[in-house]
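User: Please take a close look at one part of this model, the place where the two chains meet. I would like one connected account.

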Amino acid sequence: MSHLSHDQLMALVEDQLTAALPPQVRRHVEGCAACQSEAAELRALVIHIREEPGGAPSPLFWDHFAARVADAIRDEAPEGEVRVRGWNFAGRTAAWTAVAATVLLGSTMVAWRATLHAPAAAGIAAGTDDSLRGDDLEEDPAWKVVRAAADGLPWEDVQAAGIAARPGSAESVVVEMTPEERAELARLLESELKRSGV
Amino acid sequence: MIQRTAEDADASALAAMDDATAVSAALGGNRAAFDVIVKRHQRQVYQLCYRFVGNHEDASDLAQDVFVRAYRGLRGFKGEAAFATWLYRIGVNVCLNRMGSRTRPATPIAAMDFADTRAESADSALLRTERAAEIRSAIARLPRKQRATLILRVYHEMPHEQIASVLGSSVGAVKANFFHAVANMRKLLRAR
(Lines give C-alpha, C1' and ligand atoms only; values in the text may rest on other atoms or scores of the structure.)
Protein backbone atom coordinates (compact mmCIF):
# COMPACT_ATOMS: atom_id res chain seq x y z
CA MET A 1 0.00 0.00 0.00
CA SER A 2 1.01 3.65 -0.31
CA HIS A 3 2.43 5.62 2.61
CA LEU A 4 0.22 6.91 5.40
CA SER A 5 -2.16 9.77 4.68
CA HIS A 6 -1.75 13.04 6.58
CA ASP A 7 -4.54 12.06 8.96
CA GLN A 8 -3.04 8.64 9.63
CA LEU A 9 0.42 10.09 10.06
CA MET A 10 -0.75 12.71 12.57
CA ALA A 11 -2.73 10.07 14.42
CA LEU A 12 0.45 8.03 14.66
CA VAL A 13 2.38 11.13 15.78
CA GLU A 14 -0.09 11.69 18.57
CA ASP A 15 -0.24 8.03 19.52
CA GLN A 16 -3.84 7.78 18.56
CA LEU A 17 -3.50 4.67 16.50
CA THR A 18 -5.43 1.88 18.12
CA ALA A 19 -6.38 -1.65 17.40
CA ALA A 20 -9.15 -0.14 15.31
CA LEU A 21 -6.55 0.79 12.72
CA PRO A 22 -7.08 -1.26 9.60
CA PRO A 23 -4.70 -4.25 9.63
CA GLN A 24 -3.14 -3.34 6.30
CA VAL A 25 -2.22 0.13 7.61
CA ARG A 26 -0.70 -1.36 10.77
CA ARG A 27 1.29 -3.81 8.69
CA HIS A 28 2.48 -0.96 6.48
CA VAL A 29 3.73 1.09 9.42
CA GLU A 30 5.54 -1.90 10.86
CA GLY A 31 7.32 -2.49 7.61
CA CYS A 32 7.86 1.07 6.31
CA ALA A 33 10.97 2.80 7.58
CA ALA A 34 10.00 6.06 5.82
CA CYS A 35 6.63 6.33 7.59
CA GLN A 36 8.18 5.36 10.93
CA SER A 37 10.92 7.92 10.49
CA GLU A 38 8.52 10.66 9.43
CA ALA A 39 6.21 9.93 12.36
CA ALA A 40 9.12 9.88 14.82
CA GLU A 41 10.46 13.20 13.54
CA LEU A 42 7.09 14.91 13.67
CA ARG A 43 6.41 13.46 17.13
CA ALA A 44 9.71 14.88 18.40
CA LEU A 45 8.85 18.22 16.85
CA VAL A 46 5.42 18.34 18.53
CA ILE A 47 7.05 17.50 21.87
CA HIS A 48 9.60 20.24 21.26
CA ILE A 49 6.89 22.78 20.45
CA ARG A 50 4.90 21.73 23.51
CA GLU A 51 7.88 22.37 25.77
CA GLU A 52 7.74 26.10 25.09
CA PRO A 53 6.61 27.29 28.53
CA GLY A 54 4.25 30.12 27.58
CA GLY A 55 3.48 33.16 29.67
CA ALA A 56 4.04 33.11 33.40
CA PRO A 57 2.73 36.32 34.92
CA SER A 58 3.19 37.05 38.58
CA PRO A 59 0.61 35.55 40.99
CA LEU A 60 -0.44 39.12 41.78
CA PHE A 61 -1.59 39.48 38.19
CA TRP A 62 -4.20 36.78 38.75
CA ASP A 63 -5.30 38.36 42.02
CA HIS A 64 -6.22 41.57 40.20
CA PHE A 65 -7.21 40.37 36.77
CA ALA A 66 -10.91 39.81 37.53
CA ALA A 67 -11.12 43.29 39.07
CA ARG A 68 -9.43 44.71 36.00
CA VAL A 69 -12.01 43.03 33.76
CA ALA A 70 -14.83 44.28 36.00
CA ASP A 71 -13.49 47.83 35.72
CA ALA A 72 -13.27 47.56 31.94
CA ILE A 73 -16.85 46.28 31.79
CA ARG A 74 -18.03 49.10 34.04
CA ASP A 75 -16.29 51.63 31.79
CA GLU A 76 -18.25 50.29 28.84
CA ALA A 77 -21.57 51.47 30.36
CA PRO A 78 -23.81 48.54 29.47
CA GLU A 79 -27.46 49.06 28.79
CA GLY A 80 -29.74 49.69 31.75
CA GLU A 81 -27.05 51.27 33.85
CA VAL A 82 -26.69 54.89 34.76
CA ARG A 83 -23.64 56.75 33.57
CA VAL A 84 -22.65 59.91 35.39
CA ARG A 85 -19.46 61.82 34.66
CA GLY A 86 -17.39 58.75 34.04
CA TRP A 87 -18.92 56.68 36.87
CA ASN A 88 -21.40 53.98 36.08
CA PHE A 89 -24.02 53.12 38.61
CA ALA A 90 -26.63 50.40 38.62
CA GLY A 91 -29.79 50.60 40.63
CA ARG A 92 -31.62 53.03 42.80
CA THR A 93 -29.08 53.35 45.61
CA ALA A 94 -26.31 54.15 43.22
CA ALA A 95 -28.46 56.72 41.51
CA TRP A 96 -28.77 58.42 44.89
CA THR A 97 -25.00 58.44 45.03
CA ALA A 98 -25.01 60.27 41.74
CA VAL A 99 -27.46 62.77 43.15
CA ALA A 100 -25.23 63.25 46.20
CA ALA A 101 -22.29 63.91 43.91
CA THR A 102 -24.37 66.52 42.12
CA VAL A 103 -25.26 68.09 45.47
CA LEU A 104 -21.63 68.34 46.49
CA LEU A 105 -20.42 69.66 43.15
CA GLY A 106 -23.33 72.04 42.70
CA SER A 107 -23.27 73.38 46.23
CA THR A 108 -19.52 73.85 46.19
CA MET A 109 -19.80 75.77 42.93
CA VAL A 110 -22.65 77.95 44.15
CA ALA A 111 -20.92 78.60 47.47
CA TRP A 112 -17.75 79.57 45.66
CA ARG A 113 -19.71 81.94 43.46
CA ALA A 114 -21.48 83.38 46.47
CA THR A 115 -18.26 83.89 48.38
CA LEU A 116 -16.54 85.70 45.54
CA HIS A 117 -19.31 87.59 43.82
CA ALA A 118 -22.54 87.76 45.76
CA PRO A 119 -23.21 90.62 48.10
CA ALA A 120 -22.59 89.15 51.48
CA ALA A 121 -25.43 88.98 53.97
CA ALA A 122 -24.67 90.61 57.28
CA GLY A 123 -24.59 87.34 59.20
CA ILE A 124 -22.27 85.63 56.74
CA ALA A 125 -19.93 88.59 56.58
CA ALA A 126 -19.66 88.55 60.32
CA GLY A 127 -19.22 84.80 60.24
CA THR A 128 -20.89 84.38 63.62
CA ASP A 129 -24.65 84.33 63.16
CA ASP A 130 -25.14 80.56 62.85
CA SER A 131 -28.35 80.45 64.85
CA LEU A 132 -30.21 82.73 62.43
CA ARG A 133 -29.12 80.66 59.40
CA GLY A 134 -30.15 77.45 61.15
CA ASP A 135 -33.61 78.69 62.02
CA ASP A 136 -34.37 79.76 58.45
CA LEU A 137 -32.89 76.68 56.91
CA GLU A 138 -35.20 74.15 58.52
CA GLU A 139 -38.19 75.91 57.00
CA ASP A 140 -36.61 76.35 53.61
CA PRO A 141 -38.35 74.12 51.00
CA ALA A 142 -35.17 74.01 48.93
CA TRP A 143 -33.22 72.59 51.85
CA LYS A 144 -35.93 69.93 52.29
CA VAL A 145 -35.20 68.73 48.77
CA VAL A 146 -31.50 68.47 49.58
CA ARG A 147 -32.28 66.55 52.77
CA ALA A 148 -34.65 64.23 50.94
CA ALA A 149 -31.98 63.49 48.33
CA ALA A 150 -29.35 62.68 50.91
CA ASP A 151 -31.55 60.71 53.33
CA GLY A 152 -30.89 56.98 53.37
CA LEU A 153 -27.75 57.34 51.30
CA PRO A 154 -25.35 54.56 52.36
CA TRP A 155 -21.96 55.96 53.18
CA GLU A 156 -20.25 52.97 51.49
CA ASP A 157 -21.81 53.99 48.20
CA VAL A 158 -20.50 57.51 48.55
CA GLN A 159 -17.02 56.14 49.22
CA ALA A 160 -17.33 53.69 46.36
CA ALA A 161 -18.15 56.59 44.09
CA GLY A 162 -14.87 58.20 45.08
CA ILE A 163 -16.45 61.19 46.75
CA ALA A 164 -14.03 62.27 49.43
CA ALA A 165 -16.31 64.26 51.69
CA ARG A 166 -16.86 64.11 55.39
CA PRO A 167 -20.38 63.56 56.72
CA GLY A 168 -21.95 67.00 56.98
CA SER A 169 -19.83 68.54 54.24
CA ALA A 170 -22.84 69.15 52.02
CA GLU A 171 -24.78 70.66 54.87
CA SER A 172 -21.97 72.98 55.87
CA VAL A 173 -21.74 74.23 52.29
CA VAL A 174 -25.46 74.59 51.83
CA VAL A 175 -26.01 76.56 55.03
CA GLU A 176 -23.68 79.18 53.62
CA MET A 177 -26.08 79.83 50.75
CA THR A 178 -28.64 82.52 50.43
CA PRO A 179 -32.29 81.44 50.01
CA GLU A 180 -32.04 82.28 46.29
CA GLU A 181 -28.99 80.08 45.87
CA ARG A 182 -30.65 77.23 47.74
CA ALA A 183 -33.70 77.60 45.48
CA GLU A 184 -31.44 77.33 42.43
CA LEU A 185 -29.75 74.25 43.89
CA ALA A 186 -33.15 72.69 44.55
CA ARG A 187 -34.15 73.37 40.94
CA LEU A 188 -30.95 71.69 39.72
CA LEU A 189 -31.53 68.72 42.02
CA GLU A 190 -35.12 68.24 40.94
CA SER A 191 -34.04 68.37 37.35
CA GLU A 192 -31.33 65.76 38.05
CA LEU A 193 -33.79 63.53 39.91
CA LYS A 194 -36.17 63.62 36.95
CA ARG A 195 -33.35 62.91 34.52
CA SER A 196 -32.16 59.92 36.58
CA GLY A 197 -35.71 58.60 36.87
CA VAL A 198 -35.45 58.26 40.64
CA MET B 1 -19.90 38.90 61.49
CA ILE B 2 -23.31 37.69 60.30
CA GLN B 3 -22.91 39.72 57.14
CA ARG B 4 -19.44 38.26 56.54
CA THR B 5 -20.82 34.73 56.97
CA ALA B 6 -23.58 35.45 54.47
CA GLU B 7 -21.03 36.85 51.99
CA ASP B 8 -18.85 33.78 52.42
CA ALA B 9 -21.86 31.56 51.79
CA ASP B 10 -22.71 33.56 48.66
CA ALA B 11 -19.12 33.28 47.43
CA SER B 12 -19.15 29.52 48.03
CA ALA B 13 -22.45 29.14 46.20
CA LEU B 14 -21.11 31.14 43.26
CA ALA B 15 -17.87 29.18 43.13
CA ALA B 16 -19.85 25.93 43.08
CA MET B 17 -21.94 27.02 40.10
CA ASP B 18 -21.27 25.41 36.76
CA ASP B 19 -20.59 27.76 33.88
CA ALA B 20 -24.11 27.71 32.49
CA THR B 21 -25.62 28.61 35.87
CA ALA B 22 -23.04 31.33 36.42
CA VAL B 23 -23.89 32.75 32.98
CA SER B 24 -27.59 32.81 33.89
CA ALA B 25 -26.76 34.55 37.16
CA ALA B 26 -24.57 37.09 35.37
CA LEU B 27 -27.34 37.74 32.87
CA GLY B 28 -29.64 38.34 35.83
CA GLY B 29 -27.36 41.16 36.91
CA ASN B 30 -25.08 39.30 39.30
CA ARG B 31 -21.68 40.77 38.55
CA ALA B 32 -20.01 38.47 41.08
CA ALA B 33 -21.12 35.51 38.97
CA PHE B 34 -19.19 36.88 36.02
CA ASP B 35 -16.17 37.36 38.28
CA VAL B 36 -16.37 33.65 39.03
CA ILE B 37 -16.40 32.91 35.31
CA VAL B 38 -13.39 35.17 34.78
CA LYS B 39 -11.42 33.57 37.61
CA ARG B 40 -12.28 30.10 36.38
CA HIS B 41 -11.08 30.70 32.81
CA GLN B 42 -8.55 33.52 33.10
CA ARG B 43 -5.43 31.36 32.92
CA GLN B 44 -6.51 29.45 29.83
CA VAL B 45 -7.61 32.63 28.07
CA TYR B 46 -4.40 34.42 28.99
CA GLN B 47 -2.28 31.49 27.77
CA LEU B 48 -4.23 31.38 24.52
CA CYS B 49 -3.57 35.08 23.97
CA TYR B 50 0.07 34.73 24.99
CA ARG B 51 0.58 31.98 22.39
CA PHE B 52 -0.65 34.34 19.73
CA VAL B 53 1.28 37.46 20.66
CA GLY B 54 4.27 36.19 22.66
CA ASN B 55 4.44 39.00 25.22
CA HIS B 56 2.75 39.68 28.52
CA GLU B 57 1.50 43.20 27.85
CA ASP B 58 -0.46 42.34 24.73
CA ALA B 59 -1.57 39.00 26.16
CA SER B 60 -3.04 40.63 29.26
CA ASP B 61 -4.78 43.33 27.19
CA LEU B 62 -6.17 40.73 24.83
CA ALA B 63 -7.33 38.47 27.66
CA GLN B 64 -9.16 41.41 29.20
CA ASP B 65 -10.71 42.21 25.83
CA VAL B 66 -11.86 38.59 25.47
CA PHE B 67 -13.75 38.73 28.76
CA VAL B 68 -15.23 42.15 28.05
CA ARG B 69 -16.51 40.87 24.71
CA ALA B 70 -17.78 37.72 26.35
CA TYR B 71 -19.70 39.79 28.91
CA ARG B 72 -21.11 42.00 26.20
CA GLY B 73 -22.17 38.98 24.17
CA LEU B 74 -23.32 36.82 27.08
CA ARG B 75 -26.87 36.70 25.75
CA GLY B 76 -25.45 35.12 22.62
CA PHE B 77 -24.28 32.09 24.59
CA LYS B 78 -27.05 29.57 24.01
CA GLY B 79 -25.42 26.64 25.71
CA GLU B 80 -25.16 24.64 22.48
CA ALA B 81 -21.42 24.29 22.99
CA ALA B 82 -19.53 24.23 26.28
CA PHE B 83 -18.95 27.69 27.69
CA ALA B 84 -15.19 27.16 27.40
CA THR B 85 -15.57 26.44 23.69
CA TRP B 86 -17.64 29.60 23.25
CA LEU B 87 -15.04 31.60 25.19
CA TYR B 88 -12.18 30.12 23.15
CA ARG B 89 -14.03 31.10 19.98
CA ILE B 90 -14.12 34.71 21.15
CA GLY B 91 -10.48 34.44 22.21
CA VAL B 92 -9.29 33.12 18.86
CA ASN B 93 -11.26 35.79 17.00
CA VAL B 94 -9.88 38.56 19.19
CA CYS B 95 -6.33 37.25 18.73
CA LEU B 96 -6.64 36.71 15.00
CA ASN B 97 -8.11 40.17 14.56
CA ARG B 98 -5.23 41.62 16.56
CA MET B 99 -2.74 39.87 14.30
CA GLY B 100 -3.59 42.38 11.58
CA SER B 101 -2.79 45.29 13.85
CA ARG B 102 0.52 46.15 15.36
CA THR B 103 1.55 44.21 18.44
CA ARG B 104 4.59 44.54 20.62
CA PRO B 105 7.52 42.31 19.72
CA ALA B 106 7.70 38.98 21.49
CA THR B 107 9.34 39.11 24.88
CA PRO B 108 13.09 39.38 24.40
CA ILE B 109 15.22 36.54 25.64
CA ALA B 110 16.69 38.60 28.46
CA ALA B 111 13.25 39.29 29.91
CA MET B 112 11.88 35.80 29.49
CA ASP B 113 13.72 33.90 32.14
CA PHE B 114 10.79 33.33 34.51
CA ALA B 115 11.33 29.64 35.07
CA ASP B 116 13.34 28.38 37.99
CA THR B 117 16.76 27.76 36.50
CA ARG B 118 18.67 27.17 39.71
CA ALA B 119 19.29 23.54 38.83
CA GLU B 120 20.36 24.41 35.29
CA SER B 121 23.67 25.60 34.00
CA ALA B 122 23.72 29.08 32.50
CA ASP B 123 24.31 27.59 29.05
CA SER B 124 21.37 25.24 29.16
CA ALA B 125 19.10 27.98 30.50
CA LEU B 126 20.13 30.25 27.66
CA LEU B 127 19.63 27.46 25.15
CA ARG B 128 16.17 26.76 26.50
CA THR B 129 15.10 30.39 26.28
CA GLU B 130 16.55 30.69 22.77
CA ARG B 131 14.60 27.64 21.65
CA ALA B 132 11.43 29.01 23.20
CA ALA B 133 11.93 32.27 21.32
CA GLU B 134 12.49 30.36 18.08
CA ILE B 135 9.32 28.38 18.57
CA ARG B 136 7.29 31.49 19.27
CA SER B 137 8.75 33.20 16.25
CA ALA B 138 7.95 30.22 14.02
CA ILE B 139 4.38 29.99 15.31
CA ALA B 140 3.97 33.69 14.62
CA ARG B 141 4.79 33.05 10.97
CA LEU B 142 2.18 30.35 10.42
CA PRO B 143 -0.97 31.15 8.43
CA ARG B 144 -3.86 32.17 10.71
CA LYS B 145 -5.87 28.95 10.74
CA GLN B 146 -2.80 26.78 11.07
CA ARG B 147 -1.57 28.93 13.91
CA ALA B 148 -4.86 28.74 15.76
CA THR B 149 -5.14 25.01 15.18
CA LEU B 150 -1.61 24.32 16.39
CA ILE B 151 -2.06 26.43 19.51
CA LEU B 152 -5.37 24.82 20.45
CA ARG B 153 -4.15 21.32 19.72
CA VAL B 154 -0.64 21.40 21.17
CA TYR B 155 -0.95 23.82 24.06
CA HIS B 156 -4.60 23.42 25.03
CA GLU B 157 -4.84 19.75 24.10
CA MET B 158 -8.23 20.22 22.53
CA PRO B 159 -9.88 17.38 20.65
CA HIS B 160 -10.24 17.93 16.91
CA GLU B 161 -14.01 18.22 17.27
CA GLN B 162 -13.74 21.06 19.79
CA ILE B 163 -11.17 22.88 17.66
CA ALA B 164 -13.58 22.57 14.73
CA SER B 165 -16.30 24.11 16.88
CA VAL B 166 -14.04 26.94 18.02
CA LEU B 167 -12.82 27.73 14.52
CA GLY B 168 -16.11 27.10 12.77
CA SER B 169 -14.62 24.53 10.42
CA SER B 170 -14.86 20.81 9.81
CA VAL B 171 -12.93 18.15 11.68
CA GLY B 172 -11.25 17.21 8.40
CA ALA B 173 -10.07 20.78 7.91
CA VAL B 174 -8.72 20.85 11.47
CA LYS B 175 -6.72 17.66 10.90
CA ALA B 176 -5.34 18.98 7.62
CA ASN B 177 -4.47 22.34 9.18
CA PHE B 178 -2.73 20.62 12.04
CA PHE B 179 -0.63 18.50 9.73
CA HIS B 180 0.34 21.52 7.61
CA ALA B 181 1.07 23.57 10.74
CA VAL B 182 3.47 20.94 12.08
CA ALA B 183 5.08 20.47 8.65
CA ASN B 184 5.53 24.24 8.32
CA MET B 185 6.98 24.45 11.80
CA ARG B 186 9.56 21.89 10.78
CA LYS B 187 10.51 23.98 7.75
CA LEU B 188 10.65 27.20 9.75
CA LEU B 189 12.73 25.70 12.55
CA ARG B 190 15.08 23.96 10.14
CA ALA B 191 15.66 27.21 8.30
CA ARG B 192 17.14 28.78 11.43
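Analyst: The contact draws 41 residues from chain B and 33 residues from chain A, contact being heavy atoms within 4.5 Å. This is a predicted model: local features need pLDDT of at least 70, side-chain atom pairs count only at pLDDT 80 or more, and totals for chains, interfaces and linings use all residues. Residues are numbered from 1 along each chain as its sequence is written, chains are lettered from A in the order in which they are written, and side-chain values use heavy atoms, with hydrogens and water left out.

Between them, chain B and chain A bury about 3,500 Å²; 63% of it lies on carbon and sulfur atoms. Buried area is the accessible area (1.4 Å probe) that two parts lose on being put together, summed over both. In chain B, B:Arg31, B:Phe179 and B:Arg186 lose the most area to chain A. Together they make up 18% of what that side buries.

Seven salt bridges cross the interface of chain B and chain A (a side-chain nitrogen of Lys or Arg within 4 Å of a carboxyl oxygen of Asp or Glu). A:Arg68 forms a salt bridge with B:Asp61. Their closest N and O atoms are 2.9 Å apart.

Several helices of chain B each supply at least two residues to the side that touches chain A, including H4 (56–72) and H9 (171–190). Helices here are DSSP runs (H or I, at least four residues), numbered from the N terminus. H3(B) gives the most to that side, with eleven residues.
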